[in-house]
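Hi everyone, thanks for making time for this.

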Amino acid sequence: QVQLVESGGGAVQAGGSLKLSCAASGRTFSFLAMGWFRQAPGKEREFVAAISYLGGSTYYADSVKGRFTISRDNAKNTVFLQMNSLKPEDTGVYYCAQLRKAGSNPPVDYWGQGTQVTVSA
């Protein structure tokens with residue numbers, strides 16, 4: 001069992017930045033691939049970014065490439081999502097996920113509870 005707790009969401013104007021954090025507990029974090037997904041109102045949950053367990057490989061949705069950066073600190077059992085040049089279409093609930101393996105649109109074993117990100121025009 002893995003517990004995932006997100007933080008760092010909020011409201012920001014278009015062009016601004018936010019950094020999300022996800023603290024993990026319950027399993028050896030350094031062995032886990034991790035990722036971020038998001039769900040906009042009225043839409044399905046979609047893949048945003050993923051990182052391999054040692055951080056050597058990262059994957060991004062086309063819509064966020066060049067603007068978002070996923071990273072991890074295995075000493076602190078935490079994964080991050082730095083979001084720059086935010087757009088209104090980035091609005092949604094962002095979920096941290098423990099992945100079965102890293103990749104684009106990877107299978108998920110555990111979800112966090114989500115954190116709201118709102119980008120105004």
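Let me begin with a question: with which residue does R100 form a salt bridge? The partner is D109, and the closest N and O atoms are 2.8 Å apart. By salt bridge I mean a side-chain nitrogen of Lys or Arg within 4 Å of a carboxyl oxygen of Asp or Glu. R100 counts as exposed, at 55% relative accessibility, while D109 is partly exposed, at 31%. For those words, buried is under 20% relative accessible area, exposed is over 50%, and partly exposed is in between, with a 1.4 Å probe and protein chains only.

A quick word on what you are looking at. This is a predicted model, in which local features need pLDDT of at least 70 and side-chain atom pairs count only at pLDDT 80 or more, while totals for chains, interfaces and linings use all residues. Residues are numbered from 1 along each chain as its sequence is written, and side-chain values use heavy atoms, with hydrogens and water left out.

Back to the charges. A search of the whole structure finds five salt bridges. One of them joins E46 to R38, with 2.7 Å between the closest N and O atoms. Here E46 is partly exposed at 35%, whereas R38 is buried at 6%. Another brings together D90 and R67, at 2.8 Å from N to O. That pair links distant parts of the chain: D90 sits in the loop between β8 and β9, R67 in the loop between β6 (58-60) and β7, and they are 23 residues apart. Both are buried, D90 with a relative accessible area of 1% and R67 with 11%. R38, E46, R67 and D90 are linked in a network of salt bridges.

Now to the strands, which are DSSP runs of E with at least two residues, numbered from the N terminus. Please find β9, residues 92-99. Seven of its eight residues are buried, so β9 is largely enclosed by the rest of the structure. Which strands does it pair with? Pairing here means that DSSP finds at least two bridges between two strands. Strand β4 (residues 33-39) runs antiparallel to β9, with seven bridges, and F37 has Y95 as its bridge partner. Strand β10 (residues 108-111) is joined to β9 by three bridges, also antiparallel, and there A97 stands opposite W111. Three bridges connect β9 to β11 (residues 115-120), again antiparallel, with G92 opposite V117.

There is also an open sheet of four strands, in the order β1-β3-β8-β7, with antiparallel pairing. β1 (3-7) and β7 stand at the edges with a single partner each, so one side of each has no neighbour in the sheet. Five bridges join β1 to β3, and L4 is paired with A24.

Finally, the inside. The largest nonpolar core has 33 residues, and M34, W36, V79, L81, M83 and Y94 have the most contacts inside it. Such a core is a set of buried Ala, Val, Leu, Ile, Met, Phe, Trp, Tyr and Cys residues joined through side-chain atoms within 4.5 Å. Strand β5 gives the largest share, five residues.

One last stop is L20, in strand β3. L20 is buried, with a relative accessible area of 0%. Its contacts, meaning heavy atoms within 4.5 Å, include W36, V79, L81 and Y94, not counting residues up to four places away in sequence.
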